[in-house]
Amino acid sequence: MQASSHILKRLKERGHRFTKTRGLLLELLLKSPEPLSALDLQKAFSRSGTTVAKTTVYREFAFLMKEKVIRELDFGDSIKRYEIMPDNHHHHIMCVNCRKIEEVVLEKDLDSEEKMIAKNKQFKILNHSLEFFGLCAKCQ
Ligand SMILES: [Zn+2]
Ligand SMILES: [Zn+2]
């Protein structure tokens, strides 16, 4: 688990200044067990007594994406969600009813499939994305 201070230090070394919003946003993303949307973050901000404009959140997301601090996740419901760039390679599972999202680590991941796809398609594969969908224990 990374600390927000480490990330902020890294950004400072690249010449970016510290802002209170950025620090808080990173902390919220780090603390959250699941990826967060702009709306989720706005709500979390207001719970902590801060009001942050949606445009500010989007601007921060764009900046942190560019700096490869966070990554965007697509669960096919047209809501963009973000998580801190993970140290461990993982996927997600989402409950289609309550929208709860959990991390999934595949025992063997897709190494052999990737090798086959690369060979068959003559591609050099850089990354893959795979999310699972279902009903959580509560929603079944
Ligand atoms: Zn559920
Ligand atoms: Zn994988």
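**Fold and packing of the predicted model**

Strand 4 (residues 91-95) pairs with strand 6 in the parallel sense, over four bridges. In this pairing, His92 stands opposite Glu131 of strand 6. In general, the strands of a sheet pair through backbone hydrogen bonds, either parallel or antiparallel.

The model is predicted. Its secondary structure comes to five helices and six strands. Along the sequence, these elements follow the pattern α-α-β-α-α-β-β-β-β-α-β. The C-alpha atoms fill a box of roughly 50 × 40 × 25 Å, taken along the principal axes. Of the 140 residues, 14% count as buried. Contacts between residues at least 6 apart in sequence were also examined: 44% of them join residues at least 24 apart.

A second pairing involves strand 2 and strand 3. These strands run antiparallel and are joined by five bridges. Glu72 has Tyr82 of strand 3 as its bridge partner. Together, strand 2 and strand 3 form a hairpin, with five residues between them. Gly76, in the turn, has a positive phi of about 70°. Ser78 is found in the loop between strand 2 (70-74) and strand 3 (80-84). Ser78 also has a positive phi, of about 60°, although it is not a glycine. Most residues other than glycine have a negative phi. Is Ser78 buried or exposed? Ser78 is exposed, because 6 other C-beta atoms lie within 10 Å and a residue with 12 or fewer counts as exposed.

The helices pack in pairs. Helix 1 (residues 4-13) and helix 2 (residues 20-31) meet at an angle of about 135°, with their axes 9 Å apart. Helix 1 is therefore oblique to helix 2. The crossing of helix 1 and helix 2 is right-handed. From helix 1, Ser4, Ile7 and Leu8 take part in the contact. They meet Gly23, Leu26, Glu27 and Leu30 in helix 2. By class, this contact has four nonpolar, two polar and one charged residues.

Helix 3 (residues 38-47) and helix 4 (residues 54-66) pack at an angle of about 120°. Their axes are 10 Å apart. Helix 3 and helix 4 are therefore oblique to each other. Helix 3 passes helix 4 in a right-handed crossing. On the helix 3 side, the contact is made by Ala38, Leu41 and Gln42. Lys54, Val57, Tyr58 and Phe61 contribute from helix 4. The contact of helix 3 with helix 4 has five nonpolar, one polar and one charged residues. In an α-helix, residues three or four places apart point the same way, because there are 3.6 residues a turn.

Leaving aside residues up to four places away in sequence, Phe61 touches Ala38, Ile70 and Tyr82. Why does Phe61 count as buried? Phe61 has 20 C-beta neighbours inside 10 Å, and 20 or more is the cut-off for a buried residue. Leu126 is 65 residues from Phe61 along the chain, and the C-alpha atoms of the two are separated by 23 Å.

Helix 5 is hardly covered. How many of its eleven residues are buried? The count is zero. Residues with a positive phi lie on both sides of this helix. Asp109 lies in the loop between strand 5 (101-104) and helix 5 (111-121). Phi of Asp109 is near 45°, a positive value in a residue other than glycine. Asp109 is partly exposed, because 14 other C-beta atoms lie within 10 Å. Helix 5 is followed by Gln122, whose phi is also positive, near 50°.

Conventions
Residues numbered from 1 in each chain as written. Chains lettered and ligands numbered in written order. Predicted model: local features only at pLDDT ≥ 70, side-chain atom pairs only at ≥ 80, totals over all residues. Helix = DSSP H or I, 4+ residues; strand = E, 2+ residues; numbered from the N terminus. Axes fitted to C-alpha atoms, helices over the stretch in contact; angles between N-to-C directions. Parallel < 35°, antiparallel > 145°, perpendicular 65-115°, else oblique. Left-handed = near helix turned anticlockwise from the far one by under 90°. Contact = placed C-beta atoms within 7 Å. Nonpolar A, V, L, I, M, F, W, Y, C, P; charged D, E, K, R; others polar. Pairing = 2+ DSSP bridges.
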